[in-house]
Amino acid sequence: MKNMMLHFFRLFKAQKGVFTAVVFMPVILFLVMTVLLPYSEVHSIAIINRTDSSEIEDAVRNIEGIAIQEIDEDDIAESLAGGVIELAVVIDTDPATGLPAASVITANGSEVSGAIELAVSNAGLSEGRSSTDVNKAKKHTHKLLTTTPFMLFKLLESGSFFGAMILMERRRMMKDRVLLSGIPPRRCYLSVTAVYLILSTAGTLLYFLTAAALGFDTGMRHPLHYLLMLCLVNILSASVYFFACSFVNSESGLEAAATYPLEILSFVSGLFFPYEYLPKVLRTIGRFSPQRWITHGIESIQTKGALSAAAGDITLVLVFSLVLYSVGLIRSARKS
C-alpha cells in the first residue's frame, strides 16, 4: 500500500495546479482575505434617544466593533428582520425615577447584546462606583472568522481535484493495471484517498500555523478546535466527491453530482447567510445538510468553549461521510 500511495502522490504532484490548489491556495487566498475583509466583524446597531441626556448613548457609541445605523423608530422591526441591524437601543425616561433608561431590542439575539446591556447599566456611574477586573489576553489584529465561510466552502470544493484524479485514472485503464498487479481495487482507492487527505490536511495545517504565527484570532478559546473542524471538512469533501465519482464518468458529471449540490446546500445551511433569517422551508432543508452541522458545531464551540459542545454535529458529519464513502467504495470496486 505504501508503494501505491507514493504512486498517487507523484500523480497529484505532476498535475499542474492540483498540488498548489490543495496545499498552498488556502494559505495564500484566505489569509489575504482575512486582512482585506475586516468589516465583517463590525456589528450594526441603531440608537433611538427620546431624552435630552446623552450619557447612555455615549456609553454605547464608545463600544469597539459596532457601527451606528441611522434607522427611524418605525423601521426598527423591519430592519431587525432584514438583517440591516443586529439590535436597537431605545432610550426613554423612566416614569418611576425620572431618569434616562434604555431597553435593548433584538430579533434572535446578538453576541454584542451583553456588552451593550453592561454599558447601558454602567452609564453615568462614577469611576469609584464601578470596577471590573479582566484577565490579560493577547490582542489579535485580524480575525479568521471573517473568512471562515469562504474557507469552509473552499475546502469542500477542493475535493473536486480528488474526484478528477479518480476519473482520470479510470480513463488511463486503472482497471487493467489493478487486475494485472493483483492488488485489490479497494486498496487502490483507499490509497488515493489517503494521499488526498494527507495533502489537504497539510494545506489546512499550513494555513492554521501561518495564521498562528501572524497572530490571527480564531475566535475560539482553544484554537486547536478550529483546526479540528477544518480537518473534518476535508474528510467530508473526500467522501462527497468519491461517492459522486462512483456514479459519473466525466468532470462535468462530477460538477452536477457534487459541486452544484454543495453550493446550493451552502446557501441554505447558514454558511453564507445567517441561518435564523432564512425562510422556514429553507431552514428545514438546511438542517439536514452537512454544512449546517459543521457551522452549528463551530458556533457551539465558540459559545461553550469546549469541543464536546459540537459532539453531536461532529458525529453526524463523520457518520454521513462514512456512509457516502462506503457506498462509493463498493460501487467503484465493482467497476474495477
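User: Hi! How do the axes of H10 and helix H13 (residues 290-304) lie?

Analyst: Hi! The axes of H10 and H13 come within 11 Å and cross at roughly 175°. That makes H10 roughly antiparallel to H13. Angles over 145 degrees count as roughly antiparallel, under 35 as roughly parallel, 65 to 115 as roughly perpendicular and the rest as oblique. Axes here are lines fitted to C-alpha atoms, for helices over the stretch in contact, and angles run from 0 to 180 degrees between N-to-C directions.

User: Where does this model come from?

Analyst: This is a predicted model: local features need pLDDT of at least 70, side-chain atom pairs count only at pLDDT 80 or more, and totals for chains, interfaces and linings use all residues. Residues are numbered from 1 along each chain as its sequence is written, and side-chain values use heavy atoms, with hydrogens and water left out.

User: Thanks! Which residues in H10 and H13 meet?

Analyst: On the H10 side they are His225, Met229, Val233 and Leu236, and they meet Pro290, Ile294, Gly297, Ile298 and Ile301 in H13. Contact means heavy atoms within 4.5 Å. By class, the contact of H10 with H13 has seven nonpolar, two polar and no charged residues. Ala, Val, Leu, Ile, Met, Phe, Trp, Tyr, Cys and Pro count as nonpolar, Asp, Glu, Lys and Arg as charged, and the others, Gly among them, as polar.

User: And how do the axes of H10 and H14 lie?

Analyst: Helix H10 (residues 223-245) and helix H14 (residues 311-335) have axes that come within 8 Å and cross at roughly 30°. H10 and H14 are therefore roughly parallel to each other. The residues in contact include Met229, Leu232 and Phe243 of H10 and Ile314, Leu318 and Tyr325 of H14. The contact of H10 with H14 divides into 16 nonpolar, four polar and one charged residues.

User: Switching topic: how many helices and strands does the chain have?

Analyst: There are 14 helices and four strands. Helices (H or I, at least four residues) and strands (E, at least two) are DSSP runs, numbered from the N terminus.

User: What order do the four strands take in the sheet?

Analyst: The order is S2-S1-S3-S4, in an open sheet with mixed pairing. Strand S2 (66-69) and strand S4 (100-106) are at the edges with a single partner strand each, so one side of each is left without a neighbour in the sheet. From one strand to the next, the twist averages 30°.

User: In which sense do S3 and S4 pair?

Analyst: Strand S3 (residues 87-93) and S4 pair in the antiparallel sense over seven bridges, with Val90 opposite Ser103 in S4. Two strands pair if DSSP finds at least two bridges between them.

User: What about S1 and S2?

Analyst: S1 and S2 pair in the parallel sense over four bridges, and His43 stands opposite Ile66 in S2.

User: How many residues of S1 are buried?

Analyst: Six of the seven residues of strand S1 (residues 43-49) are buried, so S1 is largely enclosed by the rest of the structure. Buried means under 20% relative accessible area, exposed over 50%, partly exposed in between (1.4 Å probe, protein chains only). In the chain of 336 residues, buried residues make up 43%.

User: Where is Ser53?

Analyst: Ser53 is in the loop between S1 and helix H3 (55-61). Ser53 is partly exposed, with a relative accessible area of 25%. Ser53 and Asp92 are 39 residues apart in sequence and 9.5 Å apart in space, C-alpha to C-alpha.
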